[in-house]
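Dear colleague,

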There are 2 protein chains.
Amino acid sequence: MSSAPQPFPTPQEPSDAPRLLELGPAPEEPCLRADAARNRARLLEAAARLIAEHGVAGVTMEAVASAAKVGKGTVFRRFGDRTGLLMALLDHSGRQLQADFLGGPPPLGPGAPPLERLRAFGIAVLYRSAEQLELQLAAQPEACRRFSHPATQALRTHVTMLLRQIVPDADCELLAQTLLASLDPALIHHLTRQRHMPMARLESAWVDLVARVTRTRPPV
Amino acid sequence: MSSAPQPFPTPQEPSDAPRLLELGPAPEEPCLRADAARNRARLLEAAARLIAEHGVAGVTMEAVASAAKVGKGTVFRRFGDRTGLLMALLDHSGRQLQADFLGGPPPLGPGAPPLERLRAFGIAVLYRSAEQLELQLAAQPEACRRFSHPATQALRTHVTMLLRQIVPDADCELLAQTLLASLDPALIHHLTRQRHMPMARLESAWVDLVARVTRTRPPV
DNA sequence: AACTTAAACGGACCTTGGTCCGGATCGTAA
DNA sequence: TTACGATCCGGACCAAGGTCCGTTTAAGTT
């Protein structure tokens, strides 16, 4: 039933990935046949050019393929799917950031106290994301629709209101957004199904989070 | 340029939405032609049946249309797109939850102190989401891939490590997940582009969030 | 250099989301 | 009841993502 010869045994970018955790120049695909590596590069370059010229919407798999003078199948074998291609494009700046906080200068890199590093980290991510919004969103089609859905808005309003009563002097709207983000269905799925955390843990994490977030400022 | 007669002037579920903010039975579409309302109901029913029989993957727009004995175009006019249809299916339980925390009994509904209501709220959302994961995810295709992306994992590992040094006795993994969720590109896009918040506000919200989350417990 | 094999290639093909528009229906007003 | 305009319906049509498989080729092996 599963012994059929899968046409594309490499639906995902296979390598150049796990090593990232330990900090990775991880140049590119290490063990690719010469032609494969060449085509991979051409595809990425073609995709980048297409984005520059016609925006992310212009990045059609066929367009990329023909711009790189390559068959369509090749694109899919190399990157799995459209999202995979987009993520590969994003990878470069991802690696950059990673290098910065793993080995760069403080306060992002090691050397500064943890709290300061954490602050710097968030701000770095914030601005980096802001730059490549178009690409980031294209890789997550309609990820932002959930925020404008009326039901979601209702939840946000409710949480904001509760927060206002508890910590009136905070930016309750954004705090609410954060709290809700931690209840995102996709996140719950990831945590329970892929990382096998029991619901009880999520539940107590929520309670703890609420406690931390609503704790009034201690006397300095 | 934009005066061309749009074929589907109602790309999104037009009504039965804004009222949600004030609590809404908002029965269904109020002003639909009789046949339209009938078809809408048949489509929702057909979709639900298809899900029950073949899982969410079996919910093809054509399948739903023919199961409801209706043309394909009708499905799109009514629900805009596939996601719209799925969201409409989700809407029911969304309304239920909303009714609960807006007018239901404490601790979810009014009557309990805000802090308790907030706790109960999160737990309610948590379990409700857990039930309809399949549907929720189908409405947000590949929303969960971002969590397993190696770059994301690296960020998570890093933040977790920093947190361990600051608040060793917390569930740092989940706390990290929450912090990262507040930096999600889609969220940033929503906040800056759709709700027009300046980056500076996000930035200071991040700093504040970090401060709150890492604050050590006051002496009770 | 000839041989072998696993891997890569290309592009026809399939599926499915989404669009268009001529014709059927509903609701209403005379 | 009839007429009429707004709304809706249906299903052919299109584009783009994704799959398949026969053919080609890189890279060892003898």
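Which residues in α9(A) are buried? They are Cys172(A), Leu174(A), Leu175(A), Ala176(A), Gln177(A), Thr178(A), Leu179(A), Leu180(A) and Ala181(A), where buried means under 20% relative accessible area, exposed means over 50%, and partly exposed is in between (1.4 Å probe, protein chains only). Because nine of the 10 residues of helix α9 (residues 172-181) of chain A are buried, this helix is largely enclosed by the rest of the structure.

Before going further, please keep in mind that this is a predicted model, in which local features need pLDDT of at least 70 and side-chain atom pairs count only at pLDDT 80 or more, while totals for chains, interfaces and linings use all residues. Residues are numbered from 1 along each chain as its sequence is written, chains are lettered from A and ligands numbered from 1 in the order in which they are written, and side-chain values use heavy atoms, with hydrogens and water left out.

Chain A as a whole has 11 helices and zero strands, where helices (H or I, at least four residues) and strands (E, at least two) are DSSP runs numbered from the N terminus. Of its 220 residues, 51% count as buried. Chain A exposes about 10500 Å², and carbon and sulfur atoms supply 59% of that area, which was calculated by the Shrake-Rupley method with a 1.4 Å probe, only the protein chains shown counting as cover for residues. Among contacts (heavy atoms within 4.5 Å) in chain A between residues at least 6 apart in sequence, 49% join residues at least 24 apart.

One residue to look at is Ser129(A), which is found in helix α5 (residues 114-131) of chain A and counts as buried at 2% relative accessibility. If residues up to four places away in sequence are not counted, Ser129(A) touches Gln136(A), and from chain B it touches Leu183(B), Pro185(B) and Ile188(B).

Next come the salt bridges, each being a side-chain nitrogen of Lys or Arg within 4 Å of a carboxyl oxygen of Asp or Glu; over all chains the count comes to 22. One of them joins Asp184(A) to Arg146(A), with the closest N and O atoms 3.1 Å apart. Asp184(A) lies in the loop between α9 and α10 (185-194) of chain A and Arg146(A) in helix α7 (residues 145-148) of chain A, so the pair ties together parts that are 38 residues apart in sequence. Asp184(A) is buried at 10% relative accessibility, and Arg146(A) is buried with a relative accessible area of 14%. Where does this pair belong in a network of salt bridges? Arg146(A) and Asp184(A) are linked in one with Arg146(B) and Asp184(B).

Another salt bridge is formed by Asp208(A) and Arg212(A), whose closest N and O atoms are 3.0 Å apart. Both lie in helix α11 (residues 199-214) of chain A, four residues apart, about one turn of the helix. An α-helix has 3.6 residues a turn, so residues three or four places apart point the same way. Asp208(A) counts as partly exposed at 22% relative accessibility, whereas Arg212(A) is buried, with a relative accessible area of 7%.

With best wishes
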